[in-house]
Amino acid sequence: MIVDRQGRRFRNLRVSLTAACNYACTYCVPNGKRLVASQDELSAEALARGVAYLIEAAGIERLRITGGEPLVSPRLEPFLREIGRFDLDDISLTTNGQLLERRLALLLGAGIRRLNVSLDTLDSDAFRRIARGGDLATVLAGLEAARDAGLKVKVNMVPLRGQNLDQVLPLLDYCLERGFELRFIELMRMGHLARDANAFNQQFVGLNDLLALIAERYQYVQTDAPVDATAMRYSIPGLGHFGVIANESVPFCRTCSRLRLSSTGWLHGCLSSSNRHFIGDLLDKPHHQALPALQRLLVRALADKQDLAFAGGVTVMKIIGG
Ligand code: SAM
């Protein structure tokens, strides 16, 4: 097992199935152009082989499928088939929900029981302005279908000053009523926001401001979360829970156990580092050559982690999947 001086190791792997997305969210894509799949994306089989090697070399226990938008990818079905054979504690998926209703049977058939659905507003005009793609009613129908199918759902919201702060309470009401756990994600200095401090500062909403807003309607208490959890978790007694991923306000680098694999075969040990390590060429090599080479790259990827706090990164979220 590869462990660093702070005792950190990779346990959680996020695989970006494709960089393509049917949205172009303002905080993710500055020019509003939806990203298409890159020519050199790996096949579903190669990506799954990468996952198998990473389970063996790094001790990965939990896998999250992300993107881009994973549900737009034709690789989804073969990828799910391949990874269904692996010994993992948990497989989950992050989606914008646009194709959720249509792809639900496939996800259920593959044994997926947990979903994160990104939804920044319940207001259809604001939805169009922020997501710049898709349709709010379709996402809401997907969420209802997932709930009816018994899936455990978390809803991800990025609070943005001037764009959707009026939606914090309506979204929390909506989630509490349906048994979804709302996760607020503090805006991260990623991609263009890493270079444009003004744009970041104007939109950023920190943990304290967010909690003050929630306190206007709800009483909450902080609850325990697993040691390497990135979210702080709160209970609203009798009604449910919500979480905050407070990358800026309460950095979690000291306990971060995440590793990311891009759809083109690059490993990222840290969102805050522009370093990345190519494993695409290892996947066709025999096991006795691939594994030691992969272990060397994993040592470097682990060393990319920040000691204390997220400092921003020029990598675009939709390439490596948040
Ligand atoms: N398309 C899928 C989705 O919408 O959930 C998966 C990929 S998306 C990049 C994953 C998550 O990252 C979404 O919840 C999105 O809101 C979040 N995200 C993207 N850019 C971000 C940023 N700069 N700061 C915080 N969250 C961000």
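Predicted model: local features only at pLDDT ≥ 70, side-chain atom pairs only at ≥ 80, totals over all residues.
Residues are numbered from 1 along each chain as its sequence is written, and side-chain values use heavy atoms, with hydrogens and water left out.

Let me begin with the ligand. It is surrounded by 17 residues, of which the closest are Tyr27, Gly68, Glu69, Ser118 and Met188, where a residue belongs to the surroundings if one of its heavy atoms lies within 4 Å. By class, this shell divides into 6 nonpolar, 9 polar and 2 charged residues; here Ala, Val, Leu, Ile, Met, Phe, Trp, Tyr, Cys and Pro count as nonpolar, Asp, Glu, Lys and Arg as charged, and the others, Gly among them, as polar.

Turning to atom pairs, a backbone N or O atom of Gly68 lies 2.7 Å from a ligand nitrogen atom, and a backbone N or O atom of Met188 lies 2.8 Å from a ligand nitrogen atom. For Glu69, an N or O atom in the side chain is 3.0 Å from a nitrogen atom of the ligand. The protein covers 94% of the 550 Å² of accessible area that the ligand has on its own, as computed by the Shrake-Rupley method with a 1.4 Å probe.

Next, the core. The largest nonpolar core has 103 residues, and Phe79 and Leu298 have the most contacts inside it; such a core is a set of buried Ala, Val, Leu, Ile, Met, Phe, Trp, Tyr and Cys residues joined through side-chain atoms within 4.5 Å. Its largest share, 10 residues, comes from helix 1, residues 44-58, helices being DSSP runs of H or I with at least four residues and strands runs of E with at least two. Leaving aside neighbours within four places in sequence, Phe79 is in contact (heavy atoms within 4.5 Å) with Val15, Leu17, Ala44, Leu47, Ala48, Val51 and Ile65.

Now to His277, which is found in strand 12, residues 277-278. Is this residue buried or exposed? His277 is buried, at a relative accessible area of 5%, where buried means under 20%, exposed over 50%, and partly exposed in between, with a 1.4 Å probe and protein chains only. The side chain of His277 makes a polar contact of 2.7 Å with the side chain of Asp304; a polar contact is a pair of N or O atoms within 3.5 Å, and within protein one must be able to donate a hydrogen and the other to accept it, residues adjacent in sequence counting only if both atoms are side-chain atoms.

Finally, Arg132 has a positive phi of about 50 degrees although it is not a glycine. Arg132 lies in the loop between helix 4 (124-131) and helix 5 (136-148), and is partly exposed, with a relative accessible area of 26%.
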